[in-house]
Amino acid sequence: MSRRKRRKQRKKKTSLVRKIILSALIIVIFFVLTIFSMLADAVKLIPKLENPKAARVDQTTKIYAGNKKLITNFHAEQHRIVVPLKKIPKHTQQAIIAIEDRRFYKHKGVDPSAILRAMLENLRSGKIVEGGSTL
């Protein structure tokens, strides 16, 4: 085989390898941008803690008589009373963190590996079965 033919074949192979690498790189960038976009949209939905009305949850409604005696309570599916964090004992806070998210202090509230795990599980099952959120 002549030198010219060998060079042409090497050039073809190099060109094909470059095209494959470029295609793979474009696909990876597309997926990274898609995931980043989804996370950016999700972050917008997180209520700001500085605004107490934004973090409101359904609570129990208490009905009192004119003499300040409790008549009854109304609540939906759960009986909730919002308690400020400073009124919850420190050991109770630590117990909840230990149960719910052992790595809480390592990822500062956003756990990328938990989000990815939940996303993959949800995609695998075809519906939302897990959440990747933290406390």
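Asp111 counts as buried, at 6% relative accessibility; buried means under 20% relative accessible area, exposed over 50%, and partly exposed in between, with a 1.4 Å probe and protein chains only. The model is predicted: local features need pLDDT of at least 70, side-chain atom pairs count only at pLDDT 80 or more, and totals for chains, interfaces and linings use all residues. Residues are numbered from 1 along each chain as its sequence is written, and side-chain values use heavy atoms, with hydrogens and water left out.

**Salt bridges**

- The structure holds 3 salt bridges, a salt bridge being a side-chain nitrogen of Lys or Arg within 4 Å of a carboxyl oxygen of Asp or Glu.
- Asp111 pairs with Arg103 through their side chains, at 2.3 Å from N to O; Arg103 is partly exposed, at 39% relative accessibility.
- A salt bridge of 2.1 Å, N to O, joins the side chains of Arg117 and Glu130.
- This pair links distant parts of the chain, 13 residues apart, with Arg117 in helix H4 and Glu130 in the segment after H4.
- Both partners are partly exposed: Arg117 has 41% relative accessibility and Glu130 has 31%.
- The side chains of Arg124 and Glu121 form a salt bridge at 3.2 Å, N to O.
- Arg124 and Glu121 are separated by about one helical turn, because they lie 3 residues apart in helix H4.
- Arg124 is exposed, with a relative accessible area of 63%, whereas Glu121 is partly exposed at 26% relative accessibility.

**Helix H4**

- Helix H4 covers residues 112–125, 14 residues in total, and reaches 20 Å from its first C-alpha to its last, close to the expected 20 Å at 1.5 Å a residue; the expected span is 1.5 Å times one less than the number of residues.
- Helices (H or I, at least four residues) are DSSP runs numbered from the N terminus.
- Ala114, Ala118 and Asn122 are the buried residues of H4.
- Seen down the axis of H4, these buried residues fall within an arc of 65 degrees, so they line one face of the helix; the arc is that of the directions from the helix axis to the C-beta atoms.
- Pro112, Leu123 and Arg124 are exposed residues on the face of H4 turned away from its buried side.

**Nonpolar surface patch**

- Leu22, Leu25, Ile26, Ile29 and Leu33 form a nonpolar surface patch with about 490 Å² of accessible area together.
- Patches are made of residues with over 30% relative accessible area and no salt bridge, with like charges joined within 9 Å and nonpolar side chains (Val, Leu, Ile, Met, Phe, Trp, Tyr) within 5 Å.
- Accessible areas come from the Shrake-Rupley method with a 1.4 Å probe; for residues, only the protein chains shown count as cover.
- Leu33 lies in helix H1, residues 3–44, and is exposed, with a relative accessible area of 53%.

Terms used. Helix = DSSP H or I, 4+ residues; strand = E, 2+ residues; numbered from the N terminus.
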